[in-house]
Structures are given as structure tokens and as C-alpha cells.
Amino acid sequence: MDELSEEDKDAVNRARKLQKFMAQNMHVAEQFTGTPGVYVKVSDTVAGCREILDGKVDHIHENHFYMVAGLDEVKERHEEAMKNKKD
């Protein structure tokens, strides 16, 4: 990634977050993941994708995007991680 421009690095990082964000806890996968499924409205998923693509959550580490019910949960994970980091 060293040879990429800053704009391209942002695009790659956002794509990675988007990929993790789309791995939501679905009811049909519960038996395989051990994580209870959660219903997420399509409109909430689309709004979350838009925020990721617009760079509004660039400050949040990509690990917080995996297996979440929506962007609110991503933000909660981030806040909890920052709180624990300060303690």
C-alpha cells in the first residue's frame, strides 16, 4: 500500500470496512457462527454503507465493523474501546 496515493489508501480502507460491515449476524448463520442473528432494516444497512463510503467513520478501526447489527453498534464498540484504552 506504500505506493498508493492517500486517496487510494482511503478507498482501500473504506472497502475493507464495508466488507466487514456486510458480514452481519444473520439468523441463518447462527448455527455456524454461534452469534445470535439480528434483524437489520435494509434502510439502516444502506445508511451505514453510505457513511462508510463518505468517510464519516474513517477514524474507527476496521475490526469494529465485523458481525455487527448496524453502524450504531460499530460506534458503540469504538467508544467502548476508547474508554478502555484510557483506563
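Is aspartate 72 buried or exposed? Before I answer, please keep in mind that what we have on the screen this morning is a predicted model. Aspartate 72 counts as exposed, because its relative accessibility is 59% and the cut-off for that word is over 50%.

Aspartate 72 is found in helix 4, and although 24 residues separate it in sequence from glycine 48, the two C-alpha atoms lie 8.6 Å apart in space.

Helix 4 itself runs over residues 71–86, and with 16 residues at 1.5 Å each it should span 22 Å, which agrees with the 23 Å between its end C-alpha atoms.

Which residues of helix 4 are buried? They are Leu71, Val74 and His78, and because they cover an arc of only 50° around the axis, they sit on the same side of helix 4.

For contrast, let me turn to glutamine 24, which belongs to the loop between helix 1 (6–21) and helix 2 (30–33). Glutamine 24 is buried, because its relative accessible area is 15%, and buried means under 20%. If we leave aside residues up to four places away in sequence, glutamine 24 touches Val40, Thr45, Met67 and Val68.

Notes: Residues are numbered from 1 along each chain as its sequence is written. This is a predicted model: local features need pLDDT of at least 70, side-chain atom pairs count only at pLDDT 80 or more; totals for chains, interfaces and linings use all residues. Side-chain values use heavy atoms; hydrogens and water are left out. Helices (H or I, at least four residues) and strands (E, at least two) are DSSP runs, numbered from the N terminus. Buried means under 20% relative accessible area, exposed over 50%, partly exposed in between (1.4 Å probe, protein chains only). Contact means heavy atoms within 4.5 Å. The expected span of a helix is 1.5 Å times one less than its number of residues. The arc is that of the directions from the helix axis to the C-beta atoms.
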